[in-house]
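Trainee: Could we go through this model together? I would like to begin with the ligand contacts and then move on to the metals.

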Amino acid sequence: MLANFPIPKVTFQSGDAPLDRTPLLVWGLAKSPDPERIALPGKIPEADRLIAGGDFRAENLETILVYPEKGPERLLLIGLGDPTNMDIDHFRRFGAKAAREAKRLRVGQFTIQLPPEAGADVLRVVAQGAVLGTADPKTTPDAPPIKSISIHGREGSDEIARLGTALAEATFFARSLVIEPPNRLTPAALAEHAEGIASEKGVTVRVFDEKAIEKEGLHALANVGMGSSNKPRFVVAEYDGTGGEGPLVALIGKGITFDSGGLSLKSADRMVNMKYDMGGSAAVLGAFRSAARLSLPIRIAAIIPSAENMPSADAYRPGDVVPSYKGLTIEVDNTDAEGRLVLADGLAWAEKNLKPDEMIDAATLTGACRIALGRHAAGLFSNDDAFAARIRQAGHLSGELVWQLPLWNQYDRELESDVADMKNVGRGGAGGGASVAASFLYRFVDQTPWAHLDIAGMAWNNSKNELFNRGPTGFGAGLLLTYLAERSGRGTS
Ligand code: BES
Ligand code: MN
Ligand code: ZN
């Protein structure tokens with residue numbers, strides 16, 4: 001059983017929220033020198049007095065709780081700061097803050113009143129943020145689950161509220177997979193969770209076990225999996241919301257359920273949390289599942305090459321030359337650079353057998369990417385700049401920032417081997433490891449527009465904020481779902 005993140009029902013109503021005796025009403029109020037603008041004057045005198053007296057100044061995410069004599073049981077004012085400086089991320093945090101406070105107050109439902117200037121894009125992110133904010137099981141274990149959230153504003157629809165909710169649902173599903181301890185979430189267990197998605201309409205799931213992997217010629221994946229008694233799996237999940245006619249987007253997720261480094265063993269501190277090395281596959285499955293639930297009019301394939309990277313008498317070694325699905329041979333210099341091997345087979349298999357219109361892979365691929373971009377953005381690499389720009393935009397919309405890094409021949413040349421078609425790590429060893437790894441992957445892609453997301457720095461969070469608890473973030477699930485929604489014409493931009 002995966003960790004359960006209950007999803008509240010989020011609805012939209014146009015117009016002002018009624019001032020009836022609900023448990024909690026939240027007002028989002030922007031800052032203004034003109035006190036008229038931040039008050040909803042005359043309706044709740046206690047709030048008017050706080051604003052007029054300067055006790056509440058609508059600073060960014062400033063909150064004050066009011067117990068009005070008449071109207072809602074509680075009125076929570078949340079500041080939105082300077083109205084000229086409001087991007088959508090701001091509203092996502094506002095939604096999350098509202099939910100965090102609702103949780104703390106132990107109410108089972110609440111209402112949000114958006115400010116008058118809020119458009120449909122704001123509704124989407126407030127819904128997404130509010131649902132993300134409900135997930136805080138550790139600090140409020142005794143709080144009842146939040147069952148419903150009703151959002152009131154000038155512009156929007158239930159469909160947009162549903163898309164916002166689905167973004168959080170995709171993220172939660174990804175997190176629940178990553179939370180699983182690695183002794184439970186073996187490659188076989190990951191494949192079973194993927195098979196569970198076959199209950200959604202339009203979805204079929206195939207799983208290749210270790211024998212089928214060999215037979216299919218997925219040699220690079222097979223080699224990475226050899227050292228573990230938890231044998232590898234290759235998952236192919238397909239969704240068709242178009243009757244076979246629409247464009248096909250293939251998503252490939254790195255599914256290393258535990259990365260010890262193999263014989264090139266990691267040190268103890270680097271091995272901590274390496275259960276999250278399947279974060280890419282979790283993001284892919286989260287987006288895939290929610291896209292099917294939304295019945296998006298598009299075709300999607302989710303491909304998960306999954307293995308456990310362990311040292312043993314059967315493990316692949318530094319120095320081995322390993323064949324791959326594409327036929328290219330790989331000299332293994334470091335068994336800890338295993339992600340690129342399993343993805344190489346995933347990408348080559350997907351391109352050859354599914355002929356997708358586009359491929360996107362997500363992987364906790366390199367520590368180097370975390371060094372390059374910190375815990376603020378994932379690395380983006382692509383053979384098609386226009387495609388990359390659309391992915392960057394999806395990340396902006398979902399609140400999962402990505403930044404493009406180079407995929408130049410200089411990096412590719414570092415992979416030169418004397419005994420095989422390539423080495424699995426760069427010769428230079430002088431940095432640029434994220435680009436070298438991406439260049440390795442690029443050798444396994446022919447013509448298809450392709451983007452690679454290196455989420456190593458983003459899939460795990462050591463601190464917490466409004467949107468994320470400590471631990472797995474589910475990074476990438478919202479971005480991929482946003483991309484799929486936009487690609488299918490069901491987005492908001
Ligand atoms: N799973 C790791 C990358 C990683 C590192 C993810 C830190 C999250 C946090 C990957 O398999 C790996 O070990 N990469 C090596 C590559 C090196 C051997 C060229 C790395 O980044 O050190
Ligand atoms: Mn590794
Ligand atoms: Zn790894």
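Trainee: How far is an oxygen atom of ligand 1 from an N or O atom in the side chain of D259?

Mentor: The separation is 2.9 Å, which falls under polar contacts, meaning pairs of N or O atoms within 3.5 Å; within protein, one must be able to donate a hydrogen and the other to accept it, and residues adjacent in sequence count only if both atoms are side-chain atoms. A polar side-chain atom of D336 also lies 2.8 Å from an oxygen atom of ligand 1. For G367, a backbone N or O atom is 2.8 Å from an oxygen atom of ligand 1.

Trainee: How much of ligand 1 does the protein bury?

Mentor: Taken alone, ligand 1 exposes 510 Å², and the protein buries 81% of that. Accessible areas come from the Shrake-Rupley method with a 1.4 Å probe; for residues, only the protein chains shown count as cover.

Trainee: What should I keep in mind about the model and its numbering?

Mentor: This is a predicted model, in which local features need pLDDT of at least 70 and side-chain atom pairs count only at pLDDT 80 or more, while totals for chains, interfaces and linings use all residues. Residues are numbered from 1 along each chain as its sequence is written, chains are lettered from A and ligands numbered from 1 in the order in which they are written, and side-chain values use heavy atoms, with hydrogens and water left out.

Trainee: Now the metals. Which residues coordinate the zinc ion (ligand 3)?

Mentor: K254 (NZ), D259 (OD), D277 (OD) and E338 (OE) coordinate the zinc ion (ligand 3) at 2.0 to 2.4 Å. Donors are N, O and S atoms within 2.8 Å of the metal (3.2 Å for Na, K and Ca); water is not among the atoms, so sites may look incomplete.

Trainee: What is the geometry of that site?

Mentor: The zinc site is octahedral, with angles of 78 to 176° among its six donor atoms. Six donors count as octahedral if opposite donors are over 155 degrees apart and all others between 65 and 115; four count as square planar on those limits, or as tetrahedral if all angles lie between 85 and 135 degrees, and anything else is irregular.

Trainee: Which residue bridges the two metals?

Mentor: D259 does, and the manganese ion (ligand 2) and the zinc ion (ligand 3) lie 3.1 Å apart.

Trainee: Changing topic: what is the strand order in the open sheet of three strands?

Mentor: The order is 12-13-17, with mixed pairing. Strand 13 (residues 330-331) and strand 17 pair in the parallel sense over two bridges, and I330 stands opposite M422 in strand 17. Two strands pair if DSSP finds at least two bridges between them; helices (H or I, at least four residues) and strands (E, at least two) are DSSP runs, numbered from the N terminus.
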